[in-house]
Amino acid sequence: MSNLYKSECYCTNLRRSANAVSDFYDSALKDTGLTIAQYYLLINLSRLQSANITHWAERVGLDRSTMVRNIKLLESRNLIEKTEGHGKTFTLSAVGKKSLEAAVTVWNEVQKKMELFLGKEDAEAILRIGSKLQTLKETEITLL
């Protein structure tokens, strides 16, 4: 990445950073068979215990069509299964629970490594700034 143009664009820098961090987590999670995106979906389904597509999509911040594509992949890998409920409702399968259990341990290790790499203050700043940026579309920014 050192040969990349040093952009002043906030969006470009955030996208590059997100890609680098995702690659770091994906590499660490490789042996679990999950990507960080799949881990995020499964850990949230685990917390919900069961969820229909709409509720699950709202929880993870994805639009419904993106969620449907992700669900198809998770189903094809037998990580989730349909259950009785309002609409198409899903829970973790036995395979999903086992994969997630292994991934949680790895994720915790990666979190610690990220905090060591960034330092506690910068790690907290990422969470604080990320939380603020995730409300961007909900707020109105007035230019002076």
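A nonpolar core is a set of buried Ala, Val, Leu, Ile, Met, Phe, Trp, Tyr and Cys residues joined through side-chain atoms within 4.5 Å. Buried stands for under 20% relative accessible area and exposed for over 50%, with a 1.4 Å probe and protein chains only.

This is a predicted model, in which local features need pLDDT of at least 70 and side-chain atom pairs count only at pLDDT 80 or more, while totals for chains, interfaces and linings use all residues. Residues are numbered from 1 along each chain as its sequence is written, and side-chain values use heavy atoms, with hydrogens and water left out.

**Stop 1: the core**

Select Leu-42, Trp-56, Met-67 and Ile-80, the residues with the most contacts inside the largest nonpolar core, which has 27 residues. Two or more core residues come from each of α1 (10-29), α2 (36-48), α3 (53-60), α4 (64-76), β3 (89-92) and α5 (94-118); α2 gives the most, with seven. Helices (H or I, at least four residues) and strands (E, at least two) are DSSP runs, numbered from the N terminus.

Next, show what surrounds Leu-42. Not counting residues up to four places away in sequence, Leu-42 touches Leu-34, Leu-74, Leu-79, Ile-80, Leu-92 and Leu-100 (contact: heavy atoms within 4.5 Å).

**Stop 2: helix α4**

Select 64-76. Which residues of α4 are buried? They are Thr-66, Met-67, Ile-71 and Leu-74. These cover an arc of only 135 degrees around the axis, so they sit on the same side of α4; the arc is that of the directions from the helix axis to the C-beta atoms. The cover over the buried residues of α4 includes α2, α3, β2 (80-83) and β3. Turn to the face away from the buried side to find the exposed residues Arg-69, Lys-72 and Ser-76. After α4 comes Asn-78, with a positive phi near 60 degrees.

**Stop 3: Val-110**

Move to Val-110 in helix α5. Val-110 is buried, at a relative accessible area of 3%. Neighbours within four places in sequence aside, Val-110 is in contact with Phe-24, Tyr-25 and Ala-28. A distance from Val-110 to Asp-122, twelve residues apart in sequence, gives 16 Å, C-alpha to C-alpha.

**Stop 4: the largest pocket**

Finally, select Ala-18, Val-21, Ile-126, Gly-130 and Gln-134, the closest to the centre of the largest pocket among its 45 lining residues. A pocket is an open set of points on a 1 Å grid over the protein atoms alone, where a 1.4 Å probe fits, with protein on both sides within 12 Å along at least five of seven lines; lining residues have an atom within 4 Å of a point. α1 gives the most to this lining, with eleven residues.
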